[in-house]
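Please open the structure in a viewer and keep the selection tool at hand. The stops below proceed from one selection to the next.

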Amino acid sequence: MRLTALVPATSANLGPGFDCFGLALELMNEVTLDTSAELTVSWEGEGSAELPTDGTDLVSRAIAETARRHDAERPSGALHGLNRIPLERGLGSSAAAAVAGVALADAALGLDLDLTDVLEIAAELEGHPDNAAAAVFGGFTMVVERTVVARFDPDPTLRPVLLLPDRLRVSTEEARRVLPAVVSREDAVANAGHAALTAIALLHEPGLLRTAMRDRLHESVRLGLVPRALEVFEVVRGAGLPVCVSGSGPTLLAFEDDDHEVPDPGEGWQVLRVPIRPTGLEVLRA
């Protein structure tokens, strides 16, 4: 049996929706498990030279954990990943790996897990239910208490743009470490209001995004880790576009419209115009 899990990149937080909001994007990783082949692990594409091939990678661990939870023998075979999601750029590469592993184990073992089960296992393994929810369900998602998810179809006129640095990276652990342990009531109230308005803007009123997508809890300290990203962020916002840090960064997510186009971020940056993916995880059988 040959199984292929297709999992999208995701942008979490979306400004004020810290640890809650996620958006699925049409940038897909493909992970294939061939149960008739010899046990191997191989990679191509993003991170292929640095990901482990000894079975300690996150996809393999997710496969093993899913089997263990259901008292089943871990499915073996040749595991091969085609990675299009860059590592440590704030685009949910780890969540995609965990989701792929859970989904492959589910399909190989015939567990018949529902999507909430897939999310629960992947989020517990990887630690980011906001990314995992968008990867599993697609579209625009909100998650609370790790597995309570609401999924929505975003406004079809939204035009996301990723500003992706070629060499800059930020690990999630580092980005978490710099966050303040306590925030003021004023900042908490501001974020609650802006998060609510961001959700409305994404669903029905894209013209509100530039006003709505403002954060007072995490973006300033995370941008401080990568001064060049802060410079690009300010240039994009100054050009009249809504922009946020994608996940823990350093990638930025902006939204263009007919009157505003992302300015050239300069050398060392890629500009990717990637549509929103309305569906999430998909498993193909051959």
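Begin by selecting R228 in this predicted model; with a relative accessibility of 32%, R228 counts as partly exposed.

The model contains 13 salt bridges. Select R84 and E30 next, whose closest N and O atoms are 3.0 Å apart in a salt bridge. R84 is located in the loop between β4 (78-83) and α2, while E30 is in strand β2, so the pair ties together parts that are 54 residues apart in sequence. Colouring by accessibility will show R84 as partly exposed, with a relative accessible area of 34%. E30, at 27%, is partly exposed as well.

Move on to R277 and E282, which form a salt bridge with a separation of 3.4 Å between the closest N and O atoms. E282 has a relative accessibility of 35% and counts as partly exposed.

To end this part of the tour, select E65, R68, R69 and E124 together. Salt bridges link these four residues, E65, R68, R69 and E124, in a network.

**The aromatic rings**

Turn now to the aromatic side chains, among which there are two aromatic pairs. Is F140 buried or exposed? F140 has a relative accessibility of 0% and counts as buried. F21, at 6%, counts as buried too.

The rings of F140 and F152 make a tilted pair, with centres 6.2 Å apart and an angle of 35° between the planes. F140 lies in strand β5 and F152 in strand β6 (residues 148-152), so this pair ties together parts that are 12 residues apart in sequence. F152 counts as partly exposed, at 28% relative accessibility. With F21, F140 and F152 all displayed, the ring pairs can be seen to link these residues into a cluster.

**The largest pocket**

Switch to a surface view for the pockets. Rolling a probe the size of a water molecule over the atoms shows where empty space is left. The largest pocket has a volume of about 770 Å³. To centre the view on this pocket, select S93, S94, A95, E126 and T172, which lie nearest its centre among the 41 lining residues.

Which helix gives the most to this lining? Helix α2 does, with four residues. Select in turn β2 (21-34), α1 (58-69), α2 (93-109), α3 (115-126), α4 (129-137) and α5 (172-177): each of these elements supplies at least two residues of the lining. Colouring the lining of the largest pocket by residue class gives 15 nonpolar, 14 polar and 12 charged residues.

**The second largest pocket**

For the last stop, select P206, G207, F255, E256 and D257. These residues lie nearest the centre of the second largest pocket, which is lined by 13 residues. The space in the second largest pocket amounts to about 200 Å³. Highlight α7 (209-212) and β9 (252-256), each of which supplies at least two residues of the lining of this pocket. Coloured by class, the lining of the second largest pocket shows five nonpolar, four polar and four charged residues.

Note on methods
Residues are numbered from 1 along each chain as its sequence is written. This is a predicted model: local features need pLDDT of at least 70, side-chain atom pairs count only at pLDDT 80 or more; totals for chains, interfaces and linings use all residues. Side-chain values use heavy atoms; hydrogens and water are left out. On a 1 Å grid over the protein atoms alone, a cavity is a set of points where a 1.4 Å probe fits but cannot get out, and a pocket is an open set with protein on both sides within 12 Å along at least five of seven lines; lining residues have an atom within 4 Å of a point. Grid points are joined across faces, edges and corners, and a volume is the space filled by probe spheres set on the points. Ala, Val, Leu, Ile, Met, Phe, Trp, Tyr, Cys and Pro count as nonpolar, Asp, Glu, Lys and Arg as charged, and the others, Gly among them, as polar. A salt bridge is a side-chain nitrogen of Lys or Arg within 4 Å of a carboxyl oxygen of Asp or Glu. Buried means under 20% relative accessible area, exposed over 50%, partly exposed in between (1.4 Å probe, protein chains only). Rings of Phe, Tyr and Trp (its six-membered ring) pair if their centres lie within 6.5 Å; planes under 30 degrees apart count as stacked, over 60 as edge-to-face and the rest as tilted.
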